[in-house]
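Work through these exercises with the model in view. Try each task before you read its solution.

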Amino acid sequence: MSEAALDGLIEALQRLPGVGQKSAQRMAFHLLQHDRDGARRLSAAITHAMSAMRHCTRCHTFSEHEVCTTCTDSRRDARLLCVVETPADQAALERSGSFKGLYFVLMGRLDPLRGVGVADIGAEALLARAGDGVVEEVILATGFTAEGEVTAQALQAALVARGLKVTRLARGVPAGSELEYVDLSTIAHAMGDRR
């Protein structure tokens, strides 16, 4: 049973993280057999998000506006700048309720084996943002993977060289962890115990 449209749907679903051939096939059959309205809504939502979402000009997270709502929130503490790898990491920190400052989203991490260098993760934009005269502390909240650690070390060296106070999340986050997959209380404790 091979139909081009069905194969294309299964292949597209496999692009999602953690979705293999069998899961993608199960999803495709479910949408086509039991939830065609849901499939249409999913398709419309993806199309809309792809055309409406862009990067915030200040922090680089996803936003429908030039500057995201977090960056424009006057209740946030602009003296604290938390550096995360992805918008998913930012969302995890926000759900934890442990951080009330502003963010900078790298949209990646250093990975020399794949050719991802400092310029590829927006380090220059981060240095400009952190050196704006308002930021007093930069919190490096990159993941505790080998790549996340290398990223944190490289950024810390550049930020300290510019006279900025730099802290790192405490070690309560398990080694090899991505922030988006860590439970919220562990994130909150790691933020509170940063050094």
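Buried means under 20% relative accessible area, exposed means over 50%, and partly exposed lies in between (1.4 Å probe, protein chains only). The model is predicted: local features need pLDDT of at least 70, side-chain atom pairs count only at pLDDT 80 or more, and totals for chains, interfaces and linings use all residues. Residues are numbered from 1 along each chain as its sequence is written, and side-chain values use heavy atoms, with hydrogens and water left out.

**Exercise 1.** Classify Ala88 as buried, partly exposed or exposed.

*Solution.* Start with its place: Ala88 lies in helix 5, residues 87-96. Helices (H or I, at least four residues) and strands (E, at least two) are DSSP runs, numbered from the N terminus. Next, take the relative accessibility of Ala88, which is 26%. Ala88 therefore counts as partly exposed.

**Exercise 2.** Classify Thr167 in the same way, then find a polar partner for its side chain.

*Solution.* Thr167 sits in strand 6, residues 165-168. Its relative accessible area is 8%, so Thr167 is buried. Now look for the partner. The side chains of Thr167 and Glu137 are joined by a polar contact of 2.7 Å. Such a contact is a pair of N or O atoms within 3.5 Å; within protein, one must be able to donate a hydrogen and the other to accept it, and residues adjacent in sequence count only if both atoms are side-chain atoms.

**Exercise 3.** Describe how helix 1 and helix 2 cross.

*Solution.* Locate the helices: helix 1 covers residues 4-13 and helix 2 covers residues 21-34. Their axes come within 8 Å and cross at roughly 125 degrees. Axes are lines fitted to C-alpha atoms, for helices over the stretch in contact, and angles run from 0 to 180 degrees between N-to-C directions. Under 35 degrees counts as roughly parallel, over 145 as roughly antiparallel, 65 to 115 as roughly perpendicular and the rest as oblique. Helix 1 and helix 2 are therefore oblique to each other.

**Exercise 4.** Which residues of helix 1 and helix 2 meet?

*Solution.* Contact means heavy atoms within 4.5 Å. From helix 1 come Leu6, Leu9, Ile10 and Leu13. From helix 2 come Gln21, Ala24, Gln25, Met27, Ala28, Phe29 and Leu32. Sort the contact residues: nine are nonpolar, two polar and none charged. Ala, Val, Leu, Ile, Met, Phe, Trp, Tyr, Cys and Pro count as nonpolar, Asp, Glu, Lys and Arg as charged, and the others, Gly among them, as polar.
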